[in-house]
Amino acid sequence: MFWVLLLFLAWAFAGTACARLCLAAVRTDAPDAPDVPDAPWAGERDLTLYEAAFLSGGPARVADVALVSMARQRRLLLAHTGWATVVDPRGHDEIEQSVIGAIGPGGQSRIAPVRTRAAGTEAVRRLADGLVHAGLAVPEGSGTVASAVRQVRAAALAVAALGTTALLLPGDTGTPRPLVGAWFALPLILTLSSLAIARFEVHPYSPWASPAGQRLLRALTGKPAGDERSFLTSVAVRGVRAIGEPELRAAFTHRDQPLRE
């Protein structure tokens with residue numbers, strides 16, 4: 001009856017993950033940050049480029065927007081080989097100053113480590129704290145729908161693996177194998193149905209933006225395009241894949257080729 005132990009594990013994985021998803025969904029439907037005094041007006045204000053970038057893609061996206069903005073103004077050279085070179089060392093705001101500081105005193109660095117260092121600066125942390133305080137961002141470490149959905153997906157895979165193992169056990173299990181498969185189908189149905197419900201009820205799942213922040217992001221995507229700010233807004237919301245210039249996009253996607261003897 002070893003398969004019964006596997007069934008208990010399958011139900012434990014499925015039940016725990018689905019319960020966490022339900023709790024995260026309930027918190028999402030609750031009023032936005034009821035204990036935050038700034039929350040009532042948070043949904044009425046416009047997002048800055050950096051705020052939109054953080055809510056869409058987190059700290060790394062903020063660094064991307066600053067890099068692209070400086071490159072478009074010829075204050076930073078982003079080569080298609082993946083290198084960043086400072087042309088004008090004077091940042092227009094603290095995020096740009098953080099990017100210049102991340103490049104280093106030599107004025108040149110690989111783009112990938114610059115993005116990583118700039119994303120972890122105090123300026124980006126203050127930006128994140130301000131968005132959390134305004135009720136637009138999810139506090140760090142809190143259970144989000146996005147993380148709960150990932151746990152349910154992992155639970156579904158675990159249930160499938162445990163069920164397959166139970167069906168492949170050698171010898172006589174004492175229970176017809178179709179019945180064993182039916183027992184394991186129940187927690188699998190639970191996880192898959194939870195994912196389907198979450199897809200229709202609380203999609204999109206954002207690890208950064210609260211429901212109020214997501215509404216402001218949707219308002220941004222509906223605005224007319226064509227000018228420089230619209231271009232940077234598309235980069236903030238969609239990431240570097242929104243960059244139309246091949247060489248500038250290649251600067252972010254370049255990967256070093258391995259050395260050959």
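The model is predicted: local features need pLDDT of at least 70, side-chain atom pairs count only at pLDDT 80 or more, and totals for chains, interfaces and linings use all residues. Residues are numbered from 1 along each chain as its sequence is written, and side-chain values use heavy atoms, with hydrogens and water left out.

**Overall composition**

- The protein has twelve helices and three strands; helices (H or I, at least four residues) and strands (E, at least two) are DSSP runs numbered from the N terminus.
- Of the 261 residues of the protein, 43% count as buried, where buried means under 20% relative accessible area, exposed over 50% and partly exposed in between (1.4 Å probe, protein chains only).
- Contact means heavy atoms within 4.5 Å; among contacts in the protein between residues at least 6 apart in sequence, 71% join residues at least 24 apart.

**The sheet**

- Three strands form an open sheet in the order S1-S2-S3, with antiparallel pairing; two strands pair if DSSP finds at least two bridges between them.
- Strand S1 (76-78) and strand S3 (108-110) stand at the edges with a single partner strand each, so one side of each is left without a neighbour in the sheet.
- On average, neighbouring strands of this sheet are turned by 20° against each other, direction ignored; axes here are lines fitted to C-alpha atoms, for helices over the stretch in contact, and angles run from 0 to 180 degrees between N-to-C directions.
- Helix H5 (residues 94-103) packs on the sheet and touches S1, S2 and S3, its direction making about 110° with that of S2.
- S1 pairs with strand S2 (residues 83-86) in the antiparallel sense over three bridges; Leu-76 stands opposite Val-86 in S2, and Leu-78 stands opposite Ala-84 in S2.
- The hairpin of S1 and S2 has four residues between the strands, and Gly-82 takes a positive phi near 95° in this hairpin.
- S2 and S3 run antiparallel and are joined by three bridges; Arg-110 in S3 is the bridge partner of Trp-83.

- Val-87 lies in the loop between S2 and H5 and is exposed, with a relative accessible area of 52%.
- Leaving aside neighbours within four places in sequence, Val-87 is in contact with Arg-74, Arg-75, Leu-76 and Leu-77.
- From Val-87 to Gln-108 there are 21 residues in sequence and 9.6 Å in space, C-alpha to C-alpha.

**Helix packing around H6**

- Two packed helices are described by the angle between their axes and the distance between the axes.
- The axes of H5 and helix H6 (residues 111-119) come within 8 Å and cross at roughly 130°.
- H5 and H6 are therefore oblique to each other; angles under 35 degrees count as roughly parallel, over 145 as roughly antiparallel, 65 to 115 as roughly perpendicular and the rest as oblique.
- Where H5 and H6 pack, Val-99, Ala-102 and Ile-103 in H5 meet Val-114, Arg-117 and Ala-118 in H6.
- Helix H4 (residues 59-72) packs with H6 at an angle of about 120°, the axes being 8 Å apart, and H4 and H6 are therefore oblique to each other.
- Pro-59, Ala-60, Ala-63, Asp-64 and Leu-67 in H4 meet Ile-111, Val-114, Arg-115, Ala-118 and Ala-119 in H6.
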